[in-house]
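Thanks for coming, everyone. I have one structure to walk through today. Please take a look at it first.

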Amino acid sequence: MIDTALVLAILVSALRTATPLIFAALGELVVEKSGCVNLGVEGMMLVGAVAGFAIGLTTGNFALAFLVGALAGAALSLVYGVLVLFLMVNQYAAGLALTILGGGASAFWGQRWQGQNMRGLQPVEMPGLSQLPVVGSVFTRLDIMVYVALAAAALIAWALLRTRLGLVLRAVGENHDSAHALGFSVIRVRFAAIAFGGAMAGIGGAYLSCVITPLWIEGMTAGRGWIAVALVVFATWKPGRVVLGAWLFGLVSVMQIHGQGLGLAVPSHILAMLPYLVTILVLVLISRDATRIRLAAPGSLGKAFRPTA
Amino acid sequence: MDSATISEPRPATSGGAEAPPRLRVESVTKQYPGCLANDDVSLSVEGGEILALLGENGAGKSTLVKVMYGLVAPDAGTIFIDGREVAITSPAEARAAGIGIVFQHFSLFESLTVAENISLGLDNAADRRDLGRRIREIGARYGMALDPGRHVADLSVGERQQVEIVRCLLQDPAILIFDEPTSVLTPQAIEGLFDTLRRLRAEGRAVVFISHKLEEIRALCDRATVLRGGRVVGTVEVAATSVNDLARMMIGRDMPAFGSDHAGKPAGEALAVRNLSLSPADPHGTALDDLTLVARGGEILGIAGIAGNGQEELLAVLSGERPVADPGAVLLNGRQVGRLGPGARRRLGLGFVPGERLGRGAVPPMSLSENGFLTAHWRLPLARRGIISPRRRAAFADRVIDEFRVATRSRATAAQALSGGNLQRFIVGREILAGPSALIVAYPTWGVDVAAVAAIHAALVALRDAGAAVVVMSEDLDELLALSDRMAVLCRGRLSAPMRVRDCTPERLGLLMSGATPLETADAA
């Protein structure tokens, strides 16, 4: 009845679908932990996607492609950083503007790459894991970035909780006035966090154009940036839950595509809603504790910082 | 700073060509738009000396403190440490120069733990090592039981201050500045703090102690520098100056009368809680345990207790922020209101002044007239069918500002722009003018200047004389003893039967508050 090959194929597909979300959402998580909401994730992913694709196609060097994708995302995020941190522009408006700007800029620069094909980043065999019974083959069909994303989640979780840098970041996001009073540079910390968030979104975008569908299409992120933003909130700013949510989203996305293929007697639009609904529902259910949310949500989130003279 | 200089106390009265003072501030001037906060302010403090910095809110103390800590760049002025001119342009530089500070407005992070908060204030990695143990150690040494793993969000005002104090002490500073540190401590804890401060003085450190409480300054400090309107009025030897003289220097006239005459005439029951047991909403909170409270019209009932013994929970139950399942567990003028929320209870005649003025007592960025409207409209016809009457709203705010002498440019000023004392005058005034039959006041004079304390006390007494029940919750025992007609002690979620205030002594209350003497709870009829 249950087709093992199909299940494994769905699993592989789900893990890959989740990877760009993990990158982008982890970046946004760090930005939000510093007290800023950057709604420009979608735009930063798009410039990352076009930059990554361009480098991947012309050089065939995917390490370089992801690096340039990261730089492109970070460069765009600096626009947001300057607007928000120095010009005190409303964070939400600045983020929305960034999404529009990123969409337009990537479409403009992407014109000459439109419709070109390349051989994307290839899977690697994970030694050890690939020897596992039944699921072993999954670990021969995933590329290295899937693992990098998970390592990044673990690293960020550890850094936030266990390092000085993470503590200062959380402090700035929790109460920028107190952090300022203690002598931490709120602006510098936030600027660095925003650039990091941009770089992570850029990597997420490059993953789309270099791995999932190795080509460039205008607007190819198709709302994944927004999912990433939502994931951070529903995951109550916890990296582990971000990964969980992204996996869930990936799994339901892939399953509903298979469901559509099997001709289920449910309108395809309803099926297409499922990943969003299921992800949000599950994350809401596991993070119902209001006290814990209060402790996890950065206190200064979305507020402009004006140092008092 | 080498440790030999710290550990050798210098006689404060050495004559001749003595060494320069540990800290000297020379001619500091700071102009803010529309306000000269510091005008040619100078002071000096020796190692082995406690200097009182005395002044009303708005006298320029906070600005001076910020200048000394590198948070504010003065327009003019110099700071000398041990005779050497130092440029202090950031808190890190201040800490490196040996200056530690315990702020009045805490610079704490609610979602972080005690240990994380303290770690943020320590610049050297070496200081941060083994922090949990050292926090417990210093806490134990100075009588502050702090759990390093708890989140600050779950701590009371008093406990938060302890975090600030421990953070400061961990850096072993040669110069310590305490910005109104005693306002929330029990008498025993104040004595403990004073012991600590005296020990710091004996270790040769220089201590700047900021307080409004003149008796404390008399008990603790060597000299006092008095500020008024941004200028130094004078620096005096405390031992040679009377409390009244200090007050006159500080406020420019005689000391206003505090407290009440204790002549309340308890009448019928106005606000009551009956046999209420309640688990806390917060994982670190305190459960209320078979708590019974009866406040009668025409009396001021004081509720004493150390922070974290159920104050937050009891306040939430009284105000209606936390409705309870049993409607009869809370009674207002004989009506069962247990299930009603704050708005419905206000309509029935309850007034509430919460401890946190900004954020709970008032919406910080909203104007005074808006803040006045937000609570008063339940009782007074400031709106008709949901449409606000701007004229009546303005008239109400103006009446509060006028009758309670709130110093503000206008009713359109944002609540957050007011000083603590002025905002408290406004909030208390707003509640009283809504004509409550029972008023709950939490920490009424926390961080409030002398004149405002007197005004707030007088207002509460007048409300009592008008027949309302006034419930005052405070950690400041002196204030409760001065103000209350009857007092009850809250300890571990249980409330003692009320005692007449003349039967209370600070020692007896202190023992009840710390749980050393078991409470006799009231018998609920």
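How far does helix α2 of chain A reach from its first C-alpha to its last? The answer is 26 Å. One caution before I go on: this is a predicted model. Back to the helix. α2 covers residues 41-59 of chain A, 19 residues in total. At 1.5 Å a residue, 27 Å is expected, and the helix comes close to that.

Just after α2(A) sits A:Gly60, with a positive phi of about 70 degrees.

Next, the cores. The largest nonpolar core holds 92 residues. Which members touch the most other members? They are A:Leu26, A:Val41, A:Phe66, A:Trp216 and B:Leu120. There is also a second, separate core, with 79 residues. B:Cys168, B:Phe178, B:Leu278 and B:Trp446 are among them.

Let's stay with B:Leu120. Leave aside its neighbours within four places in sequence. Then B:Leu120 contacts A:Arg164, A:Leu167, A:Val168, A:Ala171, A:Leu182 and A:Phe184 in chain A. In chain B, B:Leu120 contacts B:Phe109 and B:Leu112.

Now chain B as a whole. It has 525 residues, and 57% of them are buried. Its secondary structure comes to 18 helices and 23 strands. The accessible surface is about 20700 Å², and carbon and sulfur atoms account for 50% of that. What about contacts along the chain? Take those between residues at least 6 apart in sequence: 67% join residues at least 24 apart.

Here is one example. B:Leu350 lies in strand β16, residues 350-353 of chain B. B:Leu350 and B:Pro436 are 86 residues apart in sequence, yet their C-alpha atoms are 5.3 Å apart. Is B:Leu350 buried or exposed? Its relative accessibility is 5%, so B:Leu350 counts as buried. Beyond four places in sequence, B:Leu350 touches several residues, including B:Leu271, B:Leu318, B:Leu332, B:Arg345 and B:Ile440.

Last residue: B:Lys30. You will find B:Lys30 in strand β1, residues 23-32 of chain B. Why does this lysine count as buried? Because B:Lys30 has 9% relative accessibility, and the cut-off for buried is under 20%. What does B:Lys30 touch, not counting residues up to four places away in sequence? Its contacts include B:Cys35, B:Asn38, B:Thr63, B:Val72 and B:Asp75.

That's my tour. Over to you.

Key: Residues are numbered from 1 along each chain as its sequence is written. Chains are lettered from A and ligands numbered from 1 in the order in which they are written. This is a predicted model: local features need pLDDT of at least 70, side-chain atom pairs count only at pLDDT 80 or more; totals for chains, interfaces and linings use all residues. Side-chain values use heavy atoms; hydrogens and water are left out. Helices (H or I, at least four residues) and strands (E, at least two) are DSSP runs, numbered from the N terminus. Buried means under 20% relative accessible area, exposed over 50%, partly exposed in between (1.4 Å probe, protein chains only). Contact means heavy atoms within 4.5 Å. Accessible areas come from the Shrake-Rupley method with a 1.4 Å probe; for residues, only the protein chains shown count as cover. A nonpolar core is a set of buried Ala, Val, Leu, Ile, Met, Phe, Trp, Tyr and Cys residues joined through side-chain atoms within 4.5 Å. The expected span of a helix is 1.5 Å times one less than its number of residues.
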